Amino acid sequence: MAKKNILLLAGDGIGPEIMEEAKKIISWFNKNKKLEIEISEELAGGISYDENGTPLTDQVLYKAMDSDAVLLGAVGGPKWDNLEFSKKPERALLRLRKEMRLFANLRPAICFSELVSASSLKAEIVSDLDILIVRELTGGIYFGEPRGIEPIENGERKGVNTHTYTTKEIKRVAKVAFDLALKRGKKVTSADKSNVMEAGQLWKEEVQALYDENKAYKEIELSHMLADNCAMQLVRNPKQFDVIVTDNLFGDMLSDEAAMLTGSLGMLPSASLSEKDKNGRIRSMYEPCHGSAPDIAGKGIANPIAMILSFAMALKYSLNFDKESELLESAIKLVLKDGLRTADIMEDGKKNVSTSDMGDAIVAKLELQK
Ligand code: IPM
Ligand code: MG
């Protein structure tokens, strides 16, 4: 079996704590399933700024490009809030996404039956929920030019960002959504603001065009929904959705909303994928959807499950270890079934555990299923 290289960028805040737990899982797989995953660790985010004066060095970027997958913890924190824009920790993340061309961001929101009552919504609304948000990740208002803050008359200033999408950018992410829907519930909802923005109108037309051009997609039910309505429908009746495809900004918001349906942002993993190159290789990065949570950093109470589920996604999408990925997911379910909970998903009658206890318990369940 060929060796695989994974680059770990633990980052800031709770990043290093949850990454420690992912490392336990990786070493378990290496030891017990002979996966030969080689890990290396580098700095990204605020910690890289402190050390190197930049949130991401070129050397780390090149290493990320060469690796079979990148696992990222979280970046950012109040310490770096007042830095100029180009030095902010978040730039590390945005630069990695852009330069690695990770245009497709998959954010599955699955409500584990054990956590139904941790959701702020009624149990019947969220039980067995399994939706996938496919967020466009390298375009739209996050990256559009012109951008900036400029002086105008009367000592006032003007902030500018530009929302643009091309046919190619829209169609390639819609293709990812359709192809995934074929393997799931065969339903795609495309969310846009075609009633207000030209770029939104183009989004709707190009998604529809791709659908019409491909016979293979005929078995999929495609619908278009205004993004604000989609936000509302997600809390009204989330189970009407299977795959939601949307742009960078709406995807950012809708995925946080979807995360809370599952009980906690601490449960939601993500995969960011590039197109295949001519050797059939993709670039990829896996990260929890939550942020660096500086308020709880260093306390050992963060939930490592989104990080560990992100590694499960890496096993599946980048390393072709589908069986191992399923094994890991079922170990997590078993731990939740036993009633172990980190603070964010704690309920009466359950056992409150630390970040590292949670990691150890997942390893113990892997051992049992060996
Ligand atoms: C996310 C985050 C990032 C984003 C931030 C940290 C730049 O919110 O991955 O959802 O806005 O994309
Ligand atoms: Mg976000």
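Two strands are taken to pair if DSSP finds at least two bridges between them, and helices (H or I, at least four residues) and strands (E, at least two) are DSSP runs numbered from the N terminus. The model shown in every view is predicted, so that local features need pLDDT of at least 70 and side-chain atom pairs count only at pLDDT 80 or more, whereas totals for chains, interfaces and linings use all residues. Residues are numbered from 1 along each chain as its sequence is written, chains are lettered from A and ligands numbered from 1 in the order in which they are written, and side-chain values use heavy atoms, with hydrogens and water left out.

View 1. Ten strands form an open sheet with mixed pairing, in the order 2-1-3-12-11-4-5-10-8-9. Its edges are strand 2 (37-42) and strand 9 (221-226), each of which pairs on one side only. On average, and with direction ignored, neighbouring strands of this sheet are turned by 20 degrees against each other; axes here are lines fitted to C-alpha atoms, for helices over the stretch in contact, and angles run from 0 to 180 degrees between N-to-C directions. Within the sheet, strand 1 (residues 4-11) and strand 3 (residues 69-74) run parallel and are joined by five bridges, and Leu7 has Val70 in strand 3 as its bridge partner. In general, the strands of a sheet pair through backbone hydrogen bonds, either parallel or antiparallel.

View 2. Helix 1 (residues 15-33) lies across strand 1, strand 2, strand 3 and strand 12 (284-288), and runs at about 160 degrees to strand 1; contact means heavy atoms within 4.5 Å. The end C-alpha atoms of helix 1 are 26 Å apart, which agrees with the 27 Å that its 19 residues should span at 1.5 Å a residue, the expected span being 1.5 Å times one less than the number of residues. Among the buried residues of helix 1 are Ile18, Met19, Ile25, Ile26, Trp28 and Phe29, together with Glu17, Glu21 and Lys23; buried means under 20% relative accessible area, exposed over 50%, and partly exposed in between (1.4 Å probe, protein chains only). Just after the helix, Lys34 takes a positive phi of about 50 degrees. Glu36, in the loop between helix 1 and strand 2, also has a positive phi, of about 55 degrees, although it is not a glycine, and is partly exposed with a relative accessible area of 35%.

**View 3. Helix 9 and its buried face.** Helix 9 (residues 248-261) has 14 residues and reaches 20 Å from its first C-alpha to its last, close to the 20 Å expected at 1.5 Å a residue. Its buried residues are Asn248, Phe250, Gly251, Leu254, Ser255, Ala258, Ala259 and Leu261. Seen down the axis of helix 9, these buried residues fall within an arc of 160 degrees, so they line one face of the helix, the arc being that of the directions from the helix axis to the C-beta atoms. The elements that cover them include strand 4 (104-110), helix 5 (123-126), strand 5 (130-136), strand 8 (187-192), helix 8 (227-236) and strand 10 (243-246). At the start of helix 9, a side-chain oxygen of Asp247 reaches to within 3.1 Å of the backbone nitrogen of Leu249. Just after helix 9, Gly263 takes a positive phi of about 115 degrees.

**View 4. The hairpin of strand 6 and strand 7.** Strand 6 (residues 144-151) and strand 7 (residues 157-162) pair in the antiparallel sense over five bridges, and they form a hairpin with five residues between them. In strand 7, Lys158 is the bridge partner of Glu150, and Arg157 is that of Pro151. Asn154, in the loop between the two strands, has a positive phi near 60 degrees and is exposed, with a relative accessible area of 70%.

View 5. Val160 belongs to strand 7 and, leaving aside its neighbours within four places in sequence, is in contact with Pro146, Arg147, Gly148 and Glu150. Most peptide bonds are trans, and most residues other than glycine have a negative phi.

Definitions and conventions
Polar contact = N/O pair within 3.5 Å; in protein donor to acceptor, adjacent residues only side chain to side chain.
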